Amino acid sequence: MSDEDAGKALQKRLLGEYYQSLGDAGRSGQKVAYLFVPGNVVELLRCFDMLPVYPEINALQCGIKKMAGDLILRAENIGYSSDVCGYVKNDIGLMLSDRQSPFGPLPKPDLLVCNYSGCNTFVKWFEALAHFYGAELFVLDIPYLRERGPSTADIEYVVAQLEELADVCARTSGVPFDRERLKRVTSLSYAAEKLWVDVLHAARSRPSPFDAYFEAVFYMAPLNILRGTEGCVEYYRLLLEELVSRQKEGRGPVPEEKFRVVVEGPPPWPHFRSFWELFKRWGVCAVASTYSKVGGLFDQGVFHDPAQPMESIARYAMNSYTNWNLGLRLDLLRQYLREYEADALIIHSVKSCRSFSVGQADFRDVLAKEEGVPTLMVESDLADPRYYSEAQLKNRIDAFFESLAHRRLVGG
Amino acid sequence: MRAWKEEHPSRRAVGAFPVYVPTELIQAAGALPIWLYGGGGSVEISHADSRIQSFVCSISRSTLELGLRGHLDVLDGLVFPSICDVARNLSGVWARNFPRMFVEFLHLPQNRRSPSAVPYTIAEYRRLLAGLERLCGKPVAPEDLRAAIHAHNENREAAWALLDARRRTPWATDAWETYAFLRAGAVLERETHTSLLRQALAAARERGRRPKDKVPVILLGAFCEQPPLDLIRAVEEAGCYILEDDLLLGSRWFRTSIPDGADPLRALAEAYVASSPPSSVSHYRGTPKQDLLPQRCRQLGASGVVFLTAKFCEPALYDQVLYKERLESAQIPYVHIEFEEKMSAVDTVRTQIETFVESVLFE
């Protein structure tokens with residue numbers, strides 16, 4: 001088996017086992033906690049043997065498997081507006097369909113951990129789930145990063161809530177809180193996070209050995225779902241080996257890397273492949289993306305720390321991409337454009353996620369008009385297939401790269 | 001506003017974006033708090049289009065438009081509270097586009113059950129206060145804050161007196177009238193506004209109007225972006241008495257007085273944590289608000305609920321589903337109307353409300 005196959009096979013096995021455990025939860029009696037990806041506190045939940053379920057990941061899987069459209073309509077049938085987040089409606093639709101996901105049945109929540117980082121909709125989402133399921137809801141309030149870094153008061157507030165959450169988890173699961181175990185789990189998280197940063201940095205080479213948007217979204221799955229386990233560390237070790245060997249051979253995701261881009265915004269999951277194709281045909285490779293940082297800005301030096309686990313969880317939670325203020329987000333885009341020697345910025349603005357989208361037009365304004373960065377902004381949605389217009393997107397993307405190619409030809 | 005600035009050249013004016021901002025802090029710093037409620041129907045969106053997408057609420061787009069056209073130059077600062085993702089990100093767009101303005105994003109606690117919520121809120125208010133002190137060029141003494149709390153207490157008391165009177169005798173004052181009186185407070189000094197509200201209440205008492213055969217309702221959903229005045233009138237003219245509403249909720253957020261004693265900042269923070277009203281932008285501390293609504297209808301003798309929600313307002317649109325479910329179980333009728341700042345279809349709404357009123361009356 002080649003390195004490449006070994007990484008893929010391990011991911012498939014680990015995620016398969018994870019979904020199997022979700023299907024078995026009813027029989028195993030293991031307690032189930034629903035939580036969000038940005039700023040998640042899975043390390044803490046693992047200390048109580050709680051099974052984490054991520055409704056956002058379920059929603060994106062439904063998008064890829066072309067189930068989202070029907071599920072969204074089911075939610076709209078009970079009164080959800082066409083103007084609210086497609087992920088929420090997908091999840092409500094799943095609930096109304098006995099939680100039959102593309103990967104088998106999902107368990108009901110015993111506890112809803114609303115790690116509300118970077119998205120107010122998270123609160124509304126879990127308020128709705130608490131209403132429909134009658135499950136206990138813990139709102140873990142993560143202050144928005146309104147200045148350059150978290151203040152002492154912010155960290156104290158989050159740590160105090162984490163202690164309260166630990167009590168709730170102990171009561172729900174019947175497992176006492178073992179702080180030594182939390183150290184072990186956070187040290188496994190740290191190991192995987194360091195390897196992940198090496199993976200991301202591999203895209204600095206020319207050609208980049210992988211697409212840091214279209215492929216990174218799959219590579220980041222174990223970090224979001226399995227962080228804090230040995231399998232997760234092993235996966236990133238194998239992935240890094242694979243990318244290093246691709247680097248040595250000069251292999252990348254496109255036959256010839258013609259344009260290096262930074263991508264801002266989530267992908268349109270229901271049309272993921274066709275959207276990617278629109279770029280591939282121009283020899284475009286994403287060398288950095290912000291979407292791959294929603295689960296944590298590890299490449300900005302934010303890691304879990306076994307020496308101070310609770311405080312590091314708090315810091316991690318405040319440093320998810322959409323929890324950063326727009327000034328910091330703009331600086332990060334500038335950093336990526338420079339660090340990865342990108343030719344252009346692509347903004348995919350999605351209606352569902354205002355947390356991501358509002359402000360992107362202003363980014364375009366600064367970067368394109370004031371700083372001369374070729375910038376393309378296109379709109380569709382991350383979950384709702386109705387907002388994807390292939391012909392219109394193709395026109396915009398073709399025109400943009402045609403003009404970039406022309407500019408390069410004439411030496412502009 | 002400009003006239004006020006000319007009269008008070010040394011004082012600052014600081015805007016507050018809805019829903020709730022502790023404007024006591026702005027007043028204590030010596031500045032005039034101004035509530036911003038968007039552009040109404042009067043502003044054409046053109047400049048804002050290049051900086052904010054079309055799938056967000058009118059109030060965010062029109063406020064930005066007003067700013068970009070220079071209509072808000074009179075403001076020295078602007079405070080955005082943590083109500084939703086759009087307002088939060090708008091604070092960032094604002095900070096970049098108006099670099100000379102004092103722009104602050106206030107993260108109000110969403111976990112109000114945690115014992116750590118009060119110390120956190122105090123720290124957050126201190127941070128805001130420090131910024132305001134820099135802006136206004138003077139330190140804020142505890143007595144400044146006590147005086148501001150006192151003025152706000154009196155103002156809220158006068159506002160609630162007017163609203164309570166309307167609830168008890170809805171025929172005496174129309175909802176659109178009380179709304180106009182409350183709305184005037186957005187640009188007035190607290191003390192001036194309080195006296196206006198007291199006069200309005202006295203005048204309403206002398207009116208001697210007689211009750212009509214109208215359907216008593218609760219109106220919910222327009223706690224941030226405000227509906228056109230004609231829309232509120234249309235709801236009443238179509239046959240409703242609005243007993244209670246959440247219009248301009250932030251300006252009268254607290255039902256009871258905040259103690260202006262030894263530690264006024266703590267009192268302000270404790271009030272937010274313990275005594276905030278049910279709202280779509282603040283996670284509930286006790287019973288979920290949808291469970292309280294049928295009970296509230298019964299308490300007030302309301303026969304139904306009129307939901308007025310701003311188009312694209314996610315917090316209101318999510319809650320709406322939960323409210324409806326509880327109302328249906330309690331067999332309380334409701335009607336849902338979506339509005340925008342610029343809307344011409346008031347007649348359609350009138351017909352919708354008339355149909356609703358008829359269905360309630362003939363049930």
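Modeller: Leaving aside neighbours within four places in sequence, Gly185(B) is in contact with Asn155(B), His193(B) and Ser251(B); contact requires that the C-beta atoms of two residues, placed from the backbone, lie within 7 Å. This is a predicted model, in which local features need pLDDT of at least 70 and side-chain atom pairs count only at pLDDT 80 or more, while totals for chains, interfaces and linings use all residues. Residues are numbered from 1 along each chain as its sequence is written, and chains are lettered from A and ligands numbered from 1 in the order in which they are written.

Gly185(B) sits in the loop between helix H7 (175-184) and helix H8 (190-205) of chain B. Helices (H or I, at least four residues) and strands (E, at least two) are DSSP runs, numbered from the N terminus. Gly185(B) has 22 C-beta neighbours inside 10 Å and therefore counts as buried. A residue is buried if 20 or more other C-beta atoms, placed from the backbone, lie within 10 Å of its own, exposed if 12 or fewer, and partly exposed in between. Although 184 residues separate Gly185(B) from Met1(B) in sequence, their C-alpha atoms are 12 Å apart in space.

Elsewhere in chain B, strand E3 (residues 77-81) has five of its five residues buried, so this strand is largely enclosed by the rest of the structure. Gly77(B), Val79(B) and Pro81(B) point one way from E3(B), Leu78(B) and Phe80(B) point the other way, and all are buried.

E3(B) pairs with strand E1 (residues 13-16) of chain B in the parallel sense over three bridges, pairing being assigned if DSSP finds at least two bridges between two strands. Within this pairing, Ala16(B) has Val79(B) in E3(B) as its bridge partner. E3(B) also runs parallel to strand E4 (residues 102-106) of chain B, to which five bridges join it. Opposite Pro81(B) stands Leu106(B) in E4(B). Together with helix H4 (residues 85-97) of chain B, E3(B) and E4(B) make a right-handed β-α-β unit; right-handed means that, with the strands pointing away from the viewer, the path from the first strand over the helix to the second runs clockwise.

As for chain A, its secondary structure comes to 17 helices and ten strands. Of the 412 residues of chain A, 55% count as buried.
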